[in-house]
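Please read the points in order, with the model open beside them.

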Amino acid sequence: MSQLSVKHLLGIKHINKDDIDLIFKTADHFKEVINRPIKKVPSLRDITIANLFFENSTRTRLSFELAEKRLSADVVNFSASQSSVTKGETLIDTANNILSMKVDIIVMRHPHVGACDFLSQHVNAKIVNAGDGTHEHPTQALLDSFSIREKLGSVAGKKIVIVGDILHSRVALSNIYALKLQGAEIKVCGPKTLIPKYIESLGVSVEFDIKKALEWCDVANVLRVQNERMEINYFPSTREYSQLFGINKQLLDSLGKKILIMHPGPINRGVELTSDVADADQSIILNQVENGVAIRMAVIYLLAQQVERS
Ligand code: CP
């Protein structure tokens with residue numbers, strides 16, 4: 001297979017195992033490219049991409065921009081806080097105005113679930129979801145699986161625990177879809193209030209004891225507590241959360257085996273991970289960030305193959 005089965009990357013829910021294999025094979029090539037002295041290829045010199053960020057981002061935004069520039073695409077960046085959205089312009093009007101400037105691909109982060117699906121139905125451009133509310137963050141899940149494959153050889157059969165605020169996490173849902181497609185076993189672990197009731201229907205089991213979860217797994221993907229999405233208190237205090245679900249060096253060393261530690265960032269140091277765990281040899285957090293560029297190059301490159309060139 002040399003083409004994606006989808007026209008847009010809206011979520012892992014819409015893609016299949018062959019798509020993931022194709023993205024990884026393409027990312028393997030681009031990872032080699034970005035480690036060369038000249039880190040750029042001319043592949044997308046005729047493609048223009050707009051990065052629309054309606055929500056804050058460090059990693060995803062920089063990673064997409066770098067990926068697009070490494071492919072030689074023309075890139076424009078849009079930040080909602082500095083735009084006419086603050087004057088009341090709608091999402092479709094904003095996107096159509098940007099498209100009038102002959103944009104081929106839109107990468108969008110938005111606080112509302114479904115915003116990328118909505119846009120894909122109303123504008124004539126390829127859409128890449130860079131995180132829509134609490135729904136999906138597909139390129140994060142792809143780079144997470146790519147990083148596990150790189151360190152452990154494959155994702156199939158591996159035991160992965162996703163720890164923390166599952167309820168508000170688009171990273172958790174996209175990871176669950178991606179890991180299931182690749183044949184991993186998945187548990188989630190966190191406070192009962194932050195585990196959605198439907199989670200087991202996704203083929204995932206629940207463990208409330210962090211030590212048991214870590215003893216079981218090969219990889220712990222630890223998520224941030226998303227205070228900005230919480231309108232009520234889901235646990236009594238940050239101190240209690242870190243005592244019950246935080247990972248410190250003593251806990252890690254007590255396991256009698258070396259598991260991989262992952263985190264999509266940004267980290268609340270001292271809450272979900274202590275600094276000595278975040279910076280430990282077995283932490284692959286910065287490998288995830290590095291792989292994000294190769295994965296995003298692959299996704300953009302593959303979608304651009306479907307753009308009609310005039
Ligand atoms: N992992 C992630 O999405 O980080 P940012 O919010 O900084 O993009």
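**Notes on the ligand site and pockets**

1. A backbone N or O atom of Gly-265 lies 3.4 Å from a nitrogen atom of the ligand, a polar contact being a pair of N or O atoms within 3.5 Å. Taken alone, the ligand exposes 260 Å², and the protein buries 92% of that, with accessible areas computed by the Shrake-Rupley method with a 1.4 Å probe.

2. Please keep in mind that this is a predicted model, in which local features need pLDDT of at least 70 and side-chain atom pairs count only at pLDDT 80 or more, while totals for chains, interfaces and linings use all residues. Residues are numbered from 1 along each chain as its sequence is written, and side-chain values use heavy atoms, with hydrogens and water left out.

3. The residues surrounding the ligand, each with a heavy atom within 4 Å of it, include Ser-57, Thr-58, Thr-60, Arg-109, Gln-140 and Pro-264.

4. Gly-265 is joined to Pro-266 by a cis peptide bond, with omega at about -10°. Pro-266 belongs to the loop between strand E9 (260–262) and helix H10 (275–278), where helices (H or I, at least four residues) and strands (E, at least two) are DSSP runs numbered from the N terminus.

5. The second largest pocket holds about 390 Å³ of space. It is lined by 20 residues, of which Arg-109, Arg-170, Arg-224, Gly-265 and Pro-266 are the closest to its centre. Helix H2 (59–70) and helix H6 (170–181) are the elements that give two or more residues to this lining. At least three lining residues come from each of domain 1 (12–136 + 290–304) and domain 2 (138–289).

6. A pocket here is an open set of points on a 1 Å grid over the protein atoms alone, where a 1.4 Å probe fits, with protein on both sides within 12 Å along at least five of seven lines; lining residues have an atom within 4 Å of a point. The volume is the space filled by probe spheres set on the points.

7. Which residues lie nearest the centre of the largest pocket? They are Asp-104, Asn-124, Ala-125, Val-307 and Glu-308, among 17 lining residues, and the volume of the largest pocket is about 450 Å³.

Conventions:
Domains from an automatic or database assignment. Polar contact = N/O pair within 3.5 Å; in protein donor to acceptor, adjacent residues only side chain to side chain.
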